[in-house]
Amino acid sequence: MKPIFVRGISIQFRLTLAVILSVVLMLSNNKLEPYRQSLSTLLSPIQYLANLPGVLLDRSAEAFATRDMLSLQNKELMRQQLMMSERLQRFEHLRQENDRLRALLGSPLHMDSRKVVAEVMEVASEPFRQYVVLNQGKSHGVFVGQPVVDAQGVVGQVTEVSEFTSRVLLVSDATHGIPVRVTRNDVRAIANGTGDIDEIELRHVAKSTDIVAGDLLVTSGLGQRFPEGYPVARVLSVKRDDGQNYAVINAQPLAALDRIRYVLLIWPDEEATEDVADNLIETSVEEQNNQASEEPQ
């Protein structure tokens, strides 16, 4: 008959065996490294399989979130498209009315000019100069004096051109000036940069001139550098001091000069330029004929 209780290995022997095995493993740690790497390589597919449910869950959640975001963006873009379509319809009506008025006045029509999108490569690093460098140059037809605008308004004009890049002087630079007019009453002035990225000023404007805060300033077309009608700035403040001959008028540029990335390079309307030149030649010829007919025989 077998005994009920069988005496096993003593606890002291087990402890001694565990200590001996631990010492052996510590001494042979470096030698076992290749075996551990091989074992890790063999077990890596199992690790990937174990991690697969979590990865699939994360990707599913991301896919649903992306889908919701795309759906919201699509709705917003559709809303903006409808608004822009409505604006285009109004602008088309205004363009047709403008064409009829210009025809009545006998002035040349301003045709659509050539425009090219350029990207800002570099921002001015000089403390007293405000300019940006574009990725369009002489090889793309860019020329010195070319007007540059963004989605909000006038950015500046090209001052230097290389083969593949060009430098644009911003309207806020202290050396920049641009002819403008007030859309409310067609008062004309010169807007000069102040060196502050968010401020320009109108100089030598009489105190009696009808300009108030909130007036929109657009290019006047004088000087034949900037096309007429492009937004430039909005008047912030008008100060009239009795001890001064001129008013102090400050305005804020509409273009995002401190964060522009893409701009439009505008080429002059060649057809309109040719029409103006032809009109000037015809006027000069008529004046000469009138003077010749008025001379005594």
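The dialogue below walks through how to read a predicted model of one protein chain.

Biologist: What should I know before I look at this model?

Modeller: It is predicted: local features need pLDDT of at least 70, side-chain atom pairs count only at pLDDT 80 or more, and totals for chains, interfaces and linings use all residues. Residues are numbered from 1 along each chain as its sequence is written, and side-chain values use heavy atoms, with hydrogens and water left out.

Biologist: What is pLDDT, and what is its average over the protein chain?

Modeller: pLDDT is the predictor's confidence in each residue, on a scale from 0 to 100. The average over the protein chain is 80, and 78% of the residues score at least 70.

Biologist: How do the strands pair, and which strands make up the closed barrels?

Modeller: Two strands pair if DSSP finds at least two bridges between them. One closed barrel of six strands runs S1-S2-S5-S4-S3-S12, with antiparallel pairing. Its twist averages 45° from one strand to the next; axes are lines fitted to C-alpha atoms, for helices over the stretch in contact, and angles run from 0 to 180 degrees between N-to-C directions. Another closed barrel of six strands runs S6-S7-S8-S11-S10-S9, also with antiparallel pairing. Neighbouring strands of this sheet are turned by 40° against each other on average, direction ignored.

Biologist: How many bridges join S4 to S5, and how many pair S2 with S5?

Modeller: Five antiparallel bridges join strand S4 (residues 154-161) to S5, where valine 161 has serine 166 as its bridge partner. A hairpin links S4 to S5 through four residues. S2 and S5 pair over four bridges, again antiparallel, and valine 132 stands opposite valine 168 in S5.

Biologist: Is strand S5 mostly covered or uncovered?

Modeller: Buried means under 20% relative accessible area and exposed over 50%, with partly exposed in between (1.4 Å probe, protein chains only). Four of the five residues of strand S5 (residues 166-170) are buried. In the protein chain, buried residues make up 24% of the 297 residues.

Biologist: What are the partners of S6?

Modeller: Strand S6 (residues 177-182) pairs with S7 over five antiparallel bridges. Between S6 and S7 is a hairpin of five residues, and aspartate 186 in the turn has a positive phi of about 65°. Valine 180 has alanine 189 in S7 as its bridge partner. S6 also pairs with strand S9 (residues 216-219), over three antiparallel bridges. Arginine 181 stands opposite arginine 188 in S7 and opposite valine 218 in S9.

Biologist: Why does glutamine 146 count as buried, and what is it in contact with?

Modeller: Glutamine 146 counts as buried because its relative accessibility is 0%. This residue lies in the loop between strand S2 (131-134) and strand S3 (147-149). Leaving aside neighbours within four places in sequence, its contacts include Gly156, Val158, Leu265 and Trp267.

Biologist: Why is proline 231 partly exposed?

Modeller: Proline 231 counts as partly exposed because its relative accessibility is 26%. It lies in strand S10 (residues 231-239). Beyond four places in sequence, its contacts include Gln152, Leu217 and Leu254.

Biologist: Where does a charge sit over a ring?

Modeller: The test is NZ of Lys or CZ of Arg within 6 Å of the ring centre and within 35 degrees of the ring normal. Arginine 114 lies over the face of tryptophan 267, at 3.9 Å from the ring centre. The charged end of arginine 167 sits over the ring of tyrosine 131, 3.9 Å from its centre.

Conventions: Helices (H or I, at least four residues) and strands (E, at least two) are DSSP runs, numbered from the N terminus. Contact means heavy atoms within 4.5 Å.
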